[in-house]
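Hi,

Here is the structure I promised to pass on. Have a look at it first, and my notes on what turned up follow below.

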Amino acid sequence: MPAKWTIGIDIGRTNLRAARVEGGVPVKVLRERTDVPGGPRGVVEQVRSAVDELSEGEQAGGLGVGIAGQCDILRGLVRYGPNLWWPDVPFGEMLSSATGLPAVLRNDVTMATFGEWRFGAGAGSTDMVCFYVGTGIGGGAIIGGHLLEGASGCGGHLGHISVQMDGPMCSCGRRGCVEAYAGGANLAARVRQELADDPTISTALRAAGDLDLIDARTVAGAAVDGDTYALEVRDGMAEALSSAVASTINSLNPTVVVLGGPVMSGFPSLFEMVADRSLELCLRSALDGLRIERPSLGDLAGVVGAATLAIR
């Protein structure tokens with residue numbers, strides 16, 4: 001008789017989360033820093049260790065893994081990703097070999113989208129879109145009750161919607177992606193460059209003395225404290241995000257849009273600004289029955305979705 005529980009793993013650029021999940025509920029959770037310096041093999045070892053600890057000597061009913069990268073689900077590959085900087089890696093095969101479990105591999109936000117749809121903010125809907133704003137910007141969609149994956153599993157990368165054709169360079173190699181404006185890594189890099197290029201910009205962000213120490217969390221903290229420059233940065237992020245969200249609403253006509261991630265929640269009023277502006281920008285016909293929500297599963301949406309998709 002198959003086990004009633006499965007294991008979900010969420011591998012981000014910064015954090016790795018793992019959980020033993022029963023009926024959509026994480027009953028045991030592990031968190032640690034992602035072993036980025038260790039590369040794919042280092043991360044596989046983290047997953048193997050987590051599976052051993054969560055299994056407690058029992059056999060899991062499945063293993064689902066979400067990772068911050070482009071996943072070719074036909075071949076079990078993690079394609080080159082701008083946040084983990086891996087080349088094409090046969091990650092699915094590596095995971096299965098290390099854990100003894102068949103691994104279901106998807107993009108991390110694809111997994112979070114599935115989790116929020118089954119057990120979170122999108123439960124009961126048939127058409128839902130997710131944007132997660134963190135180190136990068138991930139996206140996912142449920143269309144007609146089915147996970148949008150595309151021909152090879154690389155569908156749903158909404159962070160690479162272009163909001164300005166001649167905009168700043170994104171880490172993916174294209175210009176003007178919404179991730180270039182509002183993803184945490186690109187945002188921090190742009191702020192550091194602006195402050196280095198223009199010493200007349202007045203901001204508390206200079207107080208640390210070393211501009212290299214500025215990251216998205218630093219900028220968000222300054223915005224919370226009312227720093228004028230940091231709030232202007234937030235406003236620019238909100239406009240770019242709203243453009244991408246509205247374009248997605250117009251394209252996919254969801255009934256639920258979920259906006260989350262540490263950068264989205266870290267900046268004051270950013271969620272409200274993006275939600276309100278997106279509704280202003282989208283087509284009137286797309287407004288019927290539409291609601292914009294925060295995630296309800298918090299930072300465990302990815303592990304819940306991964307574990308649940310492993311059952312499927």
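This is a predicted model: local features need pLDDT of at least 70, side-chain atom pairs count only at pLDDT 80 or more; totals for chains, interfaces and linings use all residues.

The C-alpha trace spans about 65 × 50 × 30 Å along its principal axes, and the chain holds ten helices and twelve strands.

Five strands make up an open sheet with mixed pairing, in the order 3-2-1-4-7. Strand 3 (25–33) and strand 7 (103–107) are at the edges with a single partner strand each, so one side of each has no neighbour in the sheet. On average, neighbouring strands here are turned by 15° against each other, ignoring direction. As a reminder, strands of a sheet pair through backbone hydrogen bonds, and they can do so parallel or antiparallel. Strand 1 (residues 5–11) and strand 2 (residues 15–22) run antiparallel and are joined by seven bridges.

Helix 1 (residues 39–55) lies across strands 1, 2, 3 and 4, and runs at about 150° to strand 1. Helix 2 (residues 91–99) also packs on the sheet, where it touches strand 1, strand 4 and strand 7; its direction makes about 145° with that of strand 7.

Helix 7 (residues 228–252) packs against helix 9 (residues 270–281) at an angle of about 45°, and their axes are 8 Å apart. That angle makes helix 7 oblique to helix 9, and the crossing is right-handed. Among the residues that meet are Met237, Leu241 and Val245 in helix 7, and Leu270, Met273 and Leu281 in helix 9. By class, the residues of this contact divide into nine nonpolar, four polar and four charged.

Helix 3 (residues 108–119) and helix 10 (residues 301–311) pack at about 85°, with their axes 6 Å apart. They are therefore roughly perpendicular to each other. The contact includes Phe114, Gly115 and Phe119 of helix 3, along with Gly302, Gly305 and Leu309 of helix 10. Eight nonpolar, four polar and two charged residues take part in the contact of helix 3 with helix 10.

Happy to go through any of this with you.

Best wishes

Technical notes
Residues are numbered from 1 along each chain as its sequence is written. Side-chain values use heavy atoms; hydrogens and water are left out. Two strands pair if DSSP finds at least two bridges between them. Helices (H or I, at least four residues) and strands (E, at least two) are DSSP runs, numbered from the N terminus. Axes are lines fitted to C-alpha atoms, for helices over the stretch in contact, and angles run from 0 to 180 degrees between N-to-C directions. Contact means heavy atoms within 4.5 Å. Angles under 35 degrees count as roughly parallel, over 145 as roughly antiparallel, 65 to 115 as roughly perpendicular and the rest as oblique. A crossing is left-handed if the near helix is turned anticlockwise from the far one by less than a right angle, and right-handed if clockwise. Ala, Val, Leu, Ile, Met, Phe, Trp, Tyr, Cys and Pro count as nonpolar, Asp, Glu, Lys and Arg as charged, and the others, Gly among them, as polar.
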